[in-house]
Amino acid sequence: GVRGRRGMAASTSTAGVDTIDPREVATFEADAAFWWDEEVGPFAPLHTMNPVRCGFVRDVLVRHFDTTAAGAGYRGGVAFS
């Protein structure tokens, strides 16, 4: 593929046209400055929900792996607490 910003491969269509929208990149770059402002930034509600989100992901992983690797005692480097 085409090399995008920071050397990452960019998605291209079958015609070889770059599918990265510069306006969308600019939007995400502008938001990046506020991402870690957990108290008053525009992403503060998302940070507030992190314990619930992480718990959900953990529960799904436990249910999935309990019948396979984790149930057999092998956790493959994933800690379930």
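Here are some notes on this predicted model, point by point.

1. **Confidence first.** The chain averages a pLDDT of 75, with 62% of its residues at 70 or more.

2. **A stretch to treat with care.** Residues 68-72 have pLDDT below 50. The model still gives this stretch six contacts beyond near neighbours in sequence. Where pLDDT is low, the predicted coordinates should not be read in detail.

3. **Overall layout.** You are looking at three helices and two strands. Reading from the N terminus, the order is β-β-α-α-α.

4. **Burial and surface.** Of the 81 residues in the chain, 7% are buried.

5. **Contacts along the chain.** Take the contacts with a separation of 6 or more: residues 24 or more positions apart account for 3% of them.

6. **His47.** Is His47 buried or exposed? His47 counts as buried because its relative accessibility is 10%, and the cut-off for buried is under 20%. You'll find His47 in helix H2 (residues 44-48). Setting aside neighbours within four places in sequence, His47 touches Trp35, Trp36 and Glu38. Asp37 is 10 residues away from His47 along the chain, and the two C-alpha atoms are 8.9 Å apart.

7. **Salt bridges, in general.** The structure has two salt bridges. Side chains of opposite charge can pair when their charged atoms come close.

8. **Asp21 and Arg23.** One of the salt bridges joins the side chains of Asp21 and Arg23, at 3.2 Å from N to O.

9. **Arg58 and Asp59.** The other salt bridge pairs Asp59 with Arg58, and their closest N and O atoms are 2.7 Å apart. Here Asp59 is partly exposed, with a relative accessible area of 31%, and Arg58 also counts as partly exposed, at 32% relative accessibility.

Technical notes:
Residues are numbered from 1 along each chain as its sequence is written. This is a predicted model: local features need pLDDT of at least 70, side-chain atom pairs count only at pLDDT 80 or more; totals for chains, interfaces and linings use all residues. Side-chain values use heavy atoms; hydrogens and water are left out. Helices (H or I, at least four residues) and strands (E, at least two) are DSSP runs, numbered from the N terminus. Buried means under 20% relative accessible area, exposed over 50%, partly exposed in between (1.4 Å probe, protein chains only). Contact means heavy atoms within 4.5 Å. pLDDT is the predictor's confidence in each residue, from 0 to 100. A salt bridge is a side-chain nitrogen of Lys or Arg within 4 Å of a carboxyl oxygen of Asp or Glu.
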